Amino acid sequence: MKIIVCIKQVPDAKDVRLDPVTNTLAREGVQSIMNPYDQYALEEAVRLKEAGGGEVIVITMGPPQAEEILRQAISCGADRGVLVSDRAFAGADTWATAYTLEHAIKKIGDFDLILCGKQAIDGDTAQVGPGLATRLGIPYLTCVQKIRETTEKGLLAERMMDDGFDVVAVDYPALLTVVKDINEPRIPSIKGKMKAKKAEITRLSAEAIGADPSCIGLPGSPTKVVNVFPPVARGERAVLTGTLDEQIAQLVDKLTPYL
């Protein structure tokens, strides 16, 4: 089975800040990590390979330093990494990102399965996975919490729902986005780290994937952030102090007038 895992380098949550000019995330001088949800997608891909054979290819769109997470993925069991990097990709929204990844994956060639994290912690849109599947013209399942069974033609998976889960069968090629319940990511071994250090990363530019300049990066993004502001505080706020019993009494006194 040939599995492609889409991963993303995101700012560490404690260092997130916005560029005051572009209203996009500022990445210069900010520590970056692999998107946590993508670690679960990677682990599941490696487990599928270990169970039935095949190849795991990790792909990311980002600046040159995003190569770090590709090597991290290889140290955890991926076979090779593809970095889609070009200044022209900067500022891409989810539509432009899905467009870029679509062209890059077509450049890689045929595949059986694409795995993605449910969402990225920097944008929290959960749109790129479904958008990519739609552009590739393949079926997709979101919020997968377990892959029950795999065959030569497809797989059976549990899709998390608000009131439980659905059991859904899907044929290859397909795309899944996964949640944290699906597995527990492994820690890289020394052997894996040595392999990752020596691995050759494939690099693809906008020209290499045949991308239309009008469809990538900030200029090719239909959605743009025009203003960023903190929410306005609503209502009065009070801090309760003292023991638990004293705080309960204070709370009752404050709520009584509204009953």
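Gly 77 follows helix 2 and has a positive phi, near 125°. Helices are DSSP runs of H or I with at least four residues, strands are E runs of at least two, and both are numbered from the N terminus. The model is predicted: local features need pLDDT of at least 70, side-chain atom pairs count only at pLDDT 80 or more, and totals for chains, interfaces and linings use all residues. Residues are numbered from 1 along each chain as its sequence is written, and side-chain values use heavy atoms, with hydrogens and water left out.

Helix 2 spans residues 67–75. Its buried residues are Glu 67, Ile 69, Leu 70, Ala 73, Ile 74 and Ser 75. Buried means under 20% relative accessible area, exposed means over 50%, and partly exposed lies in between (1.4 Å probe, protein chains only).

Strand 8 (residues 154–161) and strand 9 (residues 164–171) run antiparallel and are joined by eight bridges. Two strands pair if DSSP finds at least two bridges between them. The two strands form a hairpin, with two residues between them. Within this pairing, Glu 158 has Val 167 in strand 9 as its bridge partner.

The whole structure holds 12 salt bridges. A salt bridge requires a side-chain nitrogen of Lys or Arg within 4 Å of a carboxyl oxygen of Asp or Glu. One of them joins Lys 8 to Asp 122, at 3.0 Å from N to O. This pair links distant parts of the chain, 114 residues apart. Lys 8 sits in the loop between strand 1 (2–6) and strand 2 (9–11). Asp 122 sits in the loop between strand 6 (113–117) and helix 4 (128–136). Lys 8 is partly exposed, at 30% relative accessible area, whereas Asp 122 is buried, at 18%.

A second salt bridge connects the side chains of Glu 43 and Arg 47, at 2.7 Å from N to O. Both residues belong to helix 1 (residues 36–52). They are separated by about one helical turn because they lie four residues apart. Glu 43 is buried, with a relative accessible area of 5%. Arg 47 is partly exposed, at 35%.

Glu 50 forms a salt bridge with Arg 186, and their closest N and O atoms are 2.8 Å apart. Glu 50 lies in helix 1, and Arg 186 lies in the loop between strand 10 (174–178) and helix 5 (190–198), so the pair ties together parts 136 residues apart in sequence. Glu 50 counts as exposed, at 53% relative accessibility. Arg 186 is partly exposed, at 29%. Salt bridges with shared partners join Glu 43, Arg 47, Glu 50 and Arg 186 into one network.

The search for disulfides (pairs of cysteine sulfur atoms within 2.5 Å) returned zero across the whole structure. For Cys 116, the closest cysteine sulfur is that of Cys 6, at 4.1 Å, too far for a bond. Cys 116 is buried, with a relative accessible area of 6%. Cys 143 is also in no disulfide, and its nearest cysteine sulfur, that of Cys 116, is 12 Å away.

On the surface, Leu 244, Ile 248 and Val 252 form a nonpolar patch. Patches consist of residues with over 30% relative accessible area and no salt bridge, joining like charges within 9 Å and nonpolar side chains (Val, Leu, Ile, Met, Phe, Trp, Tyr) within 5 Å. Together the three residues have about 290 Å² of accessible area, as given by the Shrake-Rupley method with a 1.4 Å probe, where for residues only the protein chains shown count as cover. Ile 248 is placed in helix 6 (residues 244–255). Ile 248 is partly exposed, at 44% relative accessible area.
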